[in-house]
Amino acid sequence: MKLQFISNLPYQDSAVNSIVNIFKGQSTKQSNFTVHSGELFGVLQTELGIGNRLDLTYEEVLKNVQQVQMNNNLPRSEKLEGMNFTVEMETGTGKTYVYLKSIYELNKNYGYTKFVIVVPSVAIREGVNKSLQITKEHFQSIFDNVPFNYFVYDSSKLGEVRNFATSNTIQVMIINIDAFRKSFVDPSKEDKANVIHRANDKMQGYRPIEFISQTNPIVIIDEPQSVDTTDKSKEAIASLKPLCTLRYSATHVDKYNMVYRLDAVDAYENKLVKRIEVISVKEEESFNKPYVKLMEVAPHKAKIEIDVVDKGKPKKVAKWVTLGNDLKEISGGRDVYEGYLVDDISWGEGQEYIEINGNLIYLGDVLGEVSEDELRRHQIRKTIEQHLDKELRLNHKGIKVLSLFFIDKVANYREYDSKGNPLKGKYALIFEEEYSKLINKPKYRTLFNDIDTLTEVEKVHDGYFAEDKKGRVKDTKGNTAADDDVYNKIMKNKEQLLSLNEPLRFIFSHSALREGWDNPNVFQICTLKDSAGTYIKRRQEIGRGLRLAVEQSGKRVEDYNVNVLTVMANESYEDFVRNLQTEIEEDTGVKFGVVEKHMFVSLAYGDAEGNAVPLGYENSEKLYNFLKENKYINDKGKIEQKLKTDLDNNAFALPYEFSNWQAPIAQELKRRIDRLKIKDGSNKKKVEINKGILESACFIELWDRIKYKTTYSIDFDSNKLIENCTEKIKTMPVIHYPRWYTSKYGITIHKESGVEANILGESFGDEVRDEITLPDIITELQNKINLTRKTIIDILVKSKRLDDFKRNPQKFIDAVWDIIKREIRLFIVDGIKYHKIEGEDFYTIEQFNNEELLAYLKENAVESTKSPFNYVLYDSDIEYEFAKRFESDEHVKVYVKLPNWFKIDTPLGSYNPDWAVLLEKDGEEKLYFVVETKGTNILELLKPEEQAKIKCAKEHFKALGTDMEFRAPENDPSKFIREAIS
């Protein structure tokens with residue numbers, strides 16, 4: 001299998017552009033050999049080679065960063081912190097792809113060639129190296145086969161370091177922080193330093209680090225929370241003398257100059273990762289056995305938890321007991337405790353236990369629960385069941401299903417006899433026993449044909465563990481030299497694991513897969529650990545399976561009904577959800593149910609000319625104060641019940657000055673109120689076809705109105721485009737020469753926080769009129785915009801603004817590019833024409849029979865008698881309200897939540913409308929609608945891209961010759977129906 005990559009995912013492009021725009025105004029690359037003041041653009045000639053050069057001032061970079069932050073709804077940096085820039089991306093959303101694409105874009109735009117990727121562990125190092133291997137062909141096809149070289153730093157291959165420094169092509173070095181963390185100024189300790197810090201005869205007596213540092217590399221830190229949180233690590237990063245440091249993680253500790261954030265909530269809401277369902281595996285409380293848990297021991301007494309009669313029913317209560325106490329008496333006379341006396345109490349350090357009725361119970365242990373082995377067996381059985389159920393649904397779609405088990409001790413999966421021969425551990429034996437039973441059920445036989453021998457069962461599971469010198473597997477923390485081989489094995493087999501021809505489907509691992517490895521087709525995760533086992537965060541666990549699945553061609557699967565990660569938890573569903581959300585808050589700083597002052601800065605509406613008008617920082621703070629004054633939030637920003645009630649009842653009203661932003665503000669507040677939506681896997685039900693509706697005359701009639709596909713062409717007057725662009729460029733603000741910029745800071749020193757600098761004032765001074773070589777503006781714009789040279793020349797000449805270009809070339813190019821890009825987008829939409837495809841190329845009713853949907857009752861499903869399925873699945877409160885109203889309203893005869901395979905092609909990407917509905921007026925006239933349930937009925941308040949797609953969709957349905965009306969109604973479905981039949 002060869003994994004396929006999508007080059008234009010909007011959220012990834014936004015992350016890449018956020019980095020590129022930090023350097024907006026930097027001399028733009030024309031070619032590798034364009035000379036500027038005697039030097040190459042963006043390139044620094046050094047004694048030991050070629051490096052990166054920054055032309056921008058500190059103040060120019062800061063202004064760029066602030067603009068990026070406003071665009072991305074992030075807190076504003078008032079000063080730069082050592083040219084460190086933070087990108088936060090949830091696990092599974094492709095952060096490695098993003099920073100690799102950023103490398104190419106920084107080279108394309110500014111000529112930068114030297115990049116160092118610093119990683120915390122062998123696992124991530126191998127993962128990055130693998131990513132570079134499998135994406136190289138993909139990126140080369142996008143970036144015109146630009147020369148590109150990458151390597152993993154190896155202290156025995158210092159020639160690669162020399163080549164890194166001297167080459168004028170893109171060079172990427174991957175290095176583990178441990179390879180250059182040890183540095184000593186004292187010559188007598190040099191032999192203790194990393195090789196990279198030692199003078200070397202083969203390097204002309206220089207230290208290898210000097211070859212790297214003279215290049216001023218752009219340093220990319222993968223998982224900085226594990227790389228540079230110590231003084232020695234920070235010193236090591238500084239020794240690289242980076243032009244800047246780009247920091248990528250889902251869980252940052254230090255959030256220097258955040259320029260892009262895609263947090264867990266964003267990723268789940270936008271369906272960029274698998275949705276999560278939890279199946280809780282716990283013994284049902286029966287109170288039929290004596291239960292005792294030792295909670296605490298003190299001299300001469302112990303605190304235990306037992307089942308005590310309370311209001312006629314047993315419940316768990318903590319009680320202090322002393323020597324000789326009778327548990328039957330303490331429990332309120334429960335017969336199960338007959339003869340259970342406290343015979344001994346030990347409180348010596350490390351020897352805390354209690355003896356009851358001949359049973360020794362150590363601190364934290366429990367008497368009377370189901371045995372741990374039985375619990376593990378049940379977890380393994382349920383995981384296999386879920387796995388096989390998904391194989392029944394997905395194998396025929398070419399999607400390989402994988403399951404991942406995290407175990408507490410390697411010995412539980414693989415042991416050794418006295419001669420060193422490998423033996424199956426208890427988990428391996430339990431797995432094979434349960435797997436053999438299940439595959440012989442009639443339900444699953446179609447998956448296996450004649451596969452039922454133990455030899456074949458052995459092929460479906462395997463363990464990935466580090467090994468000692470004798471080849472025996474062992475427990476590790478995942479960061480030792482012994483882990484190298486296991487990482488190589490799992491990384492090299494990444495694509496092979498996705499092949500249906502590869503029998504391996506169940507993976508057992510200890511610490512090796514806790515970070516640095518994931519696989520898009522992990523659909524089940526089960527953690528088998530005892531109370532003494534190594535704690536693995538729930539967030540780490542689910543991170544191994546969040547990536548969207550791929551099918552056999554390597555193409556990503558977009559169907560969100562397929563992309564479901566099942567977590568087998570040995571705690572209640574409620575506990576899992578609560579604890580996971582606590583971890584997300586601790587790891588990322590995301591506060592559920594809390595409003596922040598900067599939260600609204602990028603919310604925008606479209607003005608009459610199609611420009612996005614953001615709320616901005618000052619208005620965002622004003623809005624925050626309004627919410628606080630009106631008791632919608634408390635003094636710490638926590639959302640109060642009043643806000644929830646007013647939003648639910650459409651009674652949330654803002655002052656007039658915020659009226660243009662009403663809809664996006666309300667939407668953002670609702671998003672903050674909603675907690676992470678994790679489904680209860682034990683409460684799911686297969687959605688069935690409503691055959692009577694699907695085959696009814698009304699539904700067939702409705703479907704015939706919308707089923708046809710179209711092609712589109714774009715027809716616009718190029719003279720009009722030139723005229724519009726010319727007029728906009730003519731009237732844009734004057735572009736001055738660059739000016740000296742002065743900022744004044746006050747320094748204060750606090751015992752608590754140390755030295756702080758606060759800006760007191762800023763001013764512009766004289767113009768800077770250095771002689772500069774003007775870039776080829778025609779080629780530059782043509783590379784950015786797909787227009788002919790003649791059209792670009794006509795626009796520039798007729799605008800009569802080329803004097804601005806001479807004063808500040810890069811600023812002029814950026815401004816003109818923004819104007820032309822906006823006008824082209826408007827012309828595409830206004831000039832688009834759709835044409836119905838004749839013949840049999842249309843969406844058929846039979847395609848509904850291929851839908852395999854699961855409803856989570858009371859969470860995302862409305863029972864239905866008027867749609868093609870017995871449950872309608874909804875994604876939002878708005879959709880829930882519409883589904884309920886469609887079901888209850890007598891005017892609605894049939895309706896359908898349009899499936900995700902029902903798509904309309906537009907120049908801005910495919911578009912999937914929400915609903916199709918047939919209404920009946922006065923019992924006779926039939927009305928057909930496609931309905932889009934946005935949060936507003938004012939099209940101009942939507943994002944420009946959403947506006948454009950809706951306009952394109954209108955033209956699509958118009959081409960089908962139907963009387964269908966396309967709407968974006970308000971949240972009230974009753975109003976829509978009233979207006980439709982009036």
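User: In which strand is I714 found?

Analyst: I714 is found in strand β33, residues 710–714; strands here are DSSP runs of E with at least two residues, numbered from the N terminus. The model is predicted, so local features need pLDDT of at least 70 and side-chain atom pairs count only at pLDDT 80 or more, while totals for chains, interfaces and linings use all residues. Residues are numbered from 1 along each chain as its sequence is written, and side-chain values use heavy atoms, leaving out hydrogens and water.

User: Why does I714 count as partly exposed?

Analyst: Buried means under 20% relative accessible area, exposed means over 50%, and partly exposed lies in between (1.4 Å probe, protein chains only). I714 counts as partly exposed because its relative accessibility is 35%.

User: Where does K424 lie, and which side chains does the side chain of K424 contact?

Analyst: K424 lies in strand β22, residues 422–424, and is partly exposed at 31% relative accessible area. A polar contact is a pair of N or O atoms within 3.5 Å; within protein, one must be able to donate a hydrogen and the other to accept it, and residues adjacent in sequence count only if both atoms are side-chain atoms. The K424 side chain makes such contacts with the side chains of E432 (2.8 Å) and E458 (2.5 Å).

User: In what order do the three strands of the open sheet stand?

Analyst: Strands of a sheet pair through backbone hydrogen bonds, either parallel or antiparallel. Here the order is β16-β17-β18, with antiparallel pairing; two strands pair if DSSP finds at least two bridges between them. β16 (342–346) and β18 (359–362) each have a single partner strand, so one side of each lacks a neighbour in the sheet.

Key:
Helix = DSSP H or I, 4+ residues; strand = E, 2+ residues; numbered from the N terminus.
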